[in-house]
Each structure stands twice: as structure tokens, then as C-alpha cells.
Amino acid sequence: MNIDSIRNGVVLDHIQAGKSMEIYRYLRFNELDCSVAIIKNARSARLGKKDIIKIDSPMDLDLDVLGYIDPDITVNLIRDGVRVEKKHLELPEKIVNVIHCRNPRCITMEEPQLDAVFLLSDPERRAYRCAYCDTPSDKKQF
């Protein structure tokens with residue numbers, strides 16, 4: 001298989017195998033007017049298998065969303081065919097409007113204009129709780 005290198009853009013590497021399509025959909029990469037390559041189940045010495053997404057255009061990414069979906073992702077910024085920056089993600093302490101509270105009595109249900117804010121409650125389990133009502137998140141949303 002031959003996937004061309006990119007001149008200017010972003011490479012998301014070390015994505016957990018099978019998660020690339022979720023990232024593609026959530027970050028709306030289908031709306032981009034550039035080449036986007038998704039490589040699924042690539043061999044990885046560290047992970048066994050991994051996914052990779054190559055975007056052939058410079059862009060700003062929501063690193064909190066990526067960190068929430070998979071904090072092991074590596075973000076590589078490419079300029080003139082050379083990696084100029086490598087970012088390692090972490091679980092964000094706070095995520096806004098990424099997931100929504102499932103508690104029907106939460107203020108965010110009554111006031112939909114409020115941001116859905118979740119705070120990291122247990123880094124080991126990657127667990128978040130609603131900032132308003134303390135309801136645990138439903139990780140199945142990703």
C-alpha cells in the first residue's frame with residue numbers, strides 16, 4: 001500500500017485501532033475540501049495495531065476532543081513536508097459540549113443554551129462527571 005506524504009497538514013498517529021472513523025465523523029473531516037487518508041489497523045510496535053489519519057491541509061484541531069476520545073493520540077504538524085511539531089495528548093480536565101448529561105433533571109436539560117460541561121473525576125478510569133449535577137458521563141457516547 002502506498003499513501004503519499006503530505007506537504008502541509010496534520011497527521012494523527014497512534015489512534016486506538018478502530019477509532020479513526022469516530023474521530024472522522026465527530027470532527028467532521030468529511031466537510032474538508034482536501035485529501036484525508038485513513039489508515040486502519042496499521043502495524044505498531046507499541047500498540048500492536050493502530051489507526052492513522054492524514055489531513056493534507058493545515059488546520060486547528062480541538063485537542064480536548066481528541067484527548068477525550070483517545071489520550072494516546074500523537075498530533076504531528078507538517079510544514080513543507082517536514083514534521084515541525086509533535087504533540088502528545090492527555091485526558092482534558094474539562095470538556096465542553098463534547099458529551100451531554102443523561103440526567104433528565106439536570107439544568108442543561110431545562111436550559112439547552114447552557115454549555116454541557118464535564119470534569120475529569122477519575123483519570124484511572126477516564127471518568128467524567130457533569131459540572132452541574134455530578135452525574136457520571138456515559139462513556140458509550142464515543
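Gln16 has a relative accessibility of 41%, so it counts as partly exposed, a label for residues that fall between the 20% limit for buried and the 50% limit for exposed. Keep in mind that you're looking at a predicted model. To find this residue, go to strand E1, which covers residues 9-16. Now look at what sits around Gln16. If you set aside the neighbours within four places in sequence, Gln16 is in contact with Asp51 and Asp70. Asp70 is 54 residues away along the chain, yet the C-alpha atoms of Gln16 and Asp70 are separated by 7.0 Å.

Next, let's move on to a sheet. Strands of a sheet pair through backbone hydrogen bonds, and the pairing can be parallel or antiparallel. Here you'll see an open sheet of three strands, in the order E6-E7-E8, and the pairing is antiparallel. Strand E6 (94-96) and strand E8 (127-130) stand at the edges; each has a single partner strand, so one side of each has no neighbour in the sheet. On average, and ignoring direction, neighbouring strands of this sheet are turned by 35° against each other. For a look at one pairing, take E7 and E8, which are joined in the antiparallel sense over four bridges.

Leu114 lies in the loop that links helix H3 (107-110) to strand E7 (117-122).

Key
Residues numbered from 1 in each chain as written. Predicted model: local features only at pLDDT ≥ 70, side-chain atom pairs only at ≥ 80, totals over all residues. Heavy atoms only, no water. Helix = DSSP H or I, 4+ residues; strand = E, 2+ residues; numbered from the N terminus. Buried < 20%, exposed > 50% of the residue type's maximum accessible area, 1.4 Å probe, protein only. Contact = heavy atoms within 4.5 Å. Pairing = 2+ DSSP bridges. Axes fitted to C-alpha atoms, helices over the stretch in contact; angles between N-to-C directions.
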